[in-house]
Amino acid sequence: MTELSKSGAAVGEPTGASPAPTAFLEVRDLKVHFPTDDGLVKSVDGLSFQLEKGKTLGIVGESGSGKSVTSLGIMGLHTAGQYGKRKAQISGEIWLDGTELLSADPDDVRKLRGREMSMIFQDPLSALHPYYTIGQQIVEAYRIHHDVDKKTAKRRAVEMLDRVGIPQPDKRVDSHPHEFSGGMRHRAMIAMALVNNPELLIADEPTTALDVTVQAQILDLLRDLQKEFGSAIIVITHDLGVVAELADDILVMYGGRCVERGPAEKVFYEPRHPYTWGLLGSMPRLDREQQERLIPVKGSPPSLINIPSGCAFNPRCPYADLPKDNVTRTVRPELAEVGSRHWAACHLGKEQRERIWTEEIAPKL
Amino acid sequence: MLVVIVMVVFSIFFLVPKWAGVDIASSFVGKQADPAAVEGVREKLGLADPIYVQVWEFFKGLFAGRTYVGGGDVTHCSAPCFGYSFRSEQAVWPVLTDRFPVTLGLALGAAVLWLVIGVSAGVLSALKRGSLWDRSVMVVALSGVSLPIYFTALLSLSIFVFGLNWFDGQYTPLEDSFTGWFGGMILPWITLAFLYAAMYARITRATMLEVLGEDYIRTARAKGLKEQTVISKHAMRSTMTPILTMLGMDLGALIGGAILTETAFNLPGLGQAVLNAIRNQDLPIILGVTLITSLAVLIANLVVDVLYAVIDPRVRLS
């Protein structure tokens, strides 16, 4: 608590601590590193973004790009319950509604979890406890933060199940997770995450492993619930389609870093990073006539222990040799503004990228 | 199920002596006995009958009692007749009922002890993985698993009974004096529990570590639960499942007689009875105890299956 009030009072003081932000959620230079026998795994290496209430941020990237690690970092789940393992090294700042979470007392952060910020995990079959009923699990989530009896909490659970569109919620509330279908489990997971009306909702791969109709229903549900509660949502996915549906802003991650960030339509229609081009090129699209095969991003994601020097994307980038003096392999590119509220981290000149996009990439998509 | 097990046990007991070329009748009577007496015993015990007749006679005896006639004398064994030991001139059933409570007390008391010690040590080890505590517990557990009962039993006897004189090393029946019984059982309990607690600590630690890595534990934390609740409620419930399985099998086997422990501490339980019976080639007693053991394992597993369904809802469906 002392840490908390100190950093809260640091506004305007020349202590080096940066002032409290105006955005609802602001992440500044977040680094999450895991010491292992093979070396330091830099899962997230200097990530910054803001998110306002009622808005949705989509974080996209390949497996191992640090998306999930970022979300667990915001939830404070890297430090909770680490038994005997080597601890994750986390630095930077995470401001949620005026509170800095990394320096706050862990028990205060715990009280925020599930109430102020909550999370929909991928794979609800393993994320729900197999031995407890859906109702018991939602009731538990509610009663941690509300001093109510079990009956009231169960009414609330039924209400939430109804709201996420589970038929006969008063009966299904007593079912176990294995008695639900995949889509229903997802809904139950969402009901559990929303039971305390959280201001920040993190959805980690909310539609992976669901068939397309159920995917669409889940996305609709998230949108409706956001309208109703006005929560801020972070959607983590490797599915650009999901992001196109939901997100106001998009953050593209590569090798634990942000390579491009901006409003969704900008990132989709005027992307300014070769990796984003690669992602768009590898995405199947039904809204355009397909002339050629999908273009995969060549190579494989970088090792997070040995992130390539310079631009992390340089070994896979077809344009890595264009900038002079081998700069892509020696200097790490910083995010630079390429449009209004639109940033990209690339050594290629702004005009050069505009030209490559409009002349070489866009026509092929 | 029970009938099948009884059949199997029977077949083994009746076939093995035949294959081994041991004539039970003459071993009862003695090597120098006259052939007529041997034939009399053979007739009385029904050893000449085919196996299915012998099995049937035994089953009938369980409910209706049994009268052995042959060689000029008559021996009655009232229901439930588990057979009659001509070696020790007594029916088997009273031997079993006399000795069963001793073994049951030993097994249950030791089980309580090893569950409390083993499971809590295992959980703490898992939560403090790699710490000095964890390493010490695992070393002690390793020695517990490796040291044979007859070593630890004799060691504890020589220290606490003959060295320090803390206990008198005598068994007192529970109905005579509770404190006497309790005092006599402490060492056997501890000796037996040491071995099992070691095994349970290891399995608890391994299971707990596995469970702590499950997604639903992360979900429990994400709800804002206190870590204490995450462990004691969410993680413990899953950890109990394999422990329960082991407990069922171990208890079942122990109720059949902890031969080494009972012999070392001179406890008049089933294990001691069966050991004496083996020494005396007293087949009916061996048979009776074996049947009780099979029954105990069966019942223990049944109880575990029922408890399983209580703990794990997924079992209820299938």
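Start with the place where two helices touch: in helix 5 of chain A, A:Gly135, A:Ile138, A:Val139, A:Tyr142 and A:Arg143 meet A:Lys150, A:Ala153, A:Lys154, A:Arg156, A:Ala157 and A:Met160 of helix 6 of chain A. Sorted by class, this contact between helix 5 and helix 6 of chain A holds six nonpolar, one polar and four charged residues. Keep in mind that you're looking at a predicted model.

Now for the geometry of that pair. Helix 5 (residues 134-145) and helix 6 (residues 150-163) of chain A pack at an angle of about 115°, and their axes are 9 Å apart. Angles of 65 to 115 degrees count as roughly perpendicular, and helix 5 and helix 6 of chain A are therefore roughly perpendicular to each other. As for handedness, helix 5 of chain A passes helix 6 of chain A in a right-handed crossing.

On to the sheet. Chain A has an open sheet of four strands in the order 2-1-4-5, with antiparallel pairing. Strand 2 (39-51) and strand 5 (99-100) of chain A sit at the edges; each has a single partner strand, so one side of each is left without a neighbour in the sheet. For strand 5 of chain A, antiparallel pairing with strand 4 (residues 89-96) of chain A runs over two bridges. If you want to find that spot, look for A:Leu96, whose bridge partner in strand 5 of chain A is A:Thr99.

Finally, see what lies over the sheet strands: helix 2 (residues 67-75) of chain A lies across strand 1 (25-36), strand 2 and strand 4 of chain A. Relative to strand 2 of chain A, helix 2 of chain A runs at about 70°.

Terms used: Residues are numbered from 1 along each chain as its sequence is written. Chains are lettered from A and ligands numbered from 1 in the order in which they are written. This is a predicted model: local features need pLDDT of at least 70, side-chain atom pairs count only at pLDDT 80 or more; totals for chains, interfaces and linings use all residues. Two strands pair if DSSP finds at least two bridges between them. Two residues are in contact if their C-beta atoms, placed from the backbone, lie within 7 Å. Axes are lines fitted to C-alpha atoms, for helices over the stretch in contact, and angles run from 0 to 180 degrees between N-to-C directions. Angles under 35 degrees count as roughly parallel, over 145 as roughly antiparallel, 65 to 115 as roughly perpendicular and the rest as oblique. A crossing is left-handed if the near helix is turned anticlockwise from the far one by less than a right angle, and right-handed if clockwise. Ala, Val, Leu, Ile, Met, Phe, Trp, Tyr, Cys and Pro count as nonpolar, Asp, Glu, Lys and Arg as charged, and the others, Gly among them, as polar.
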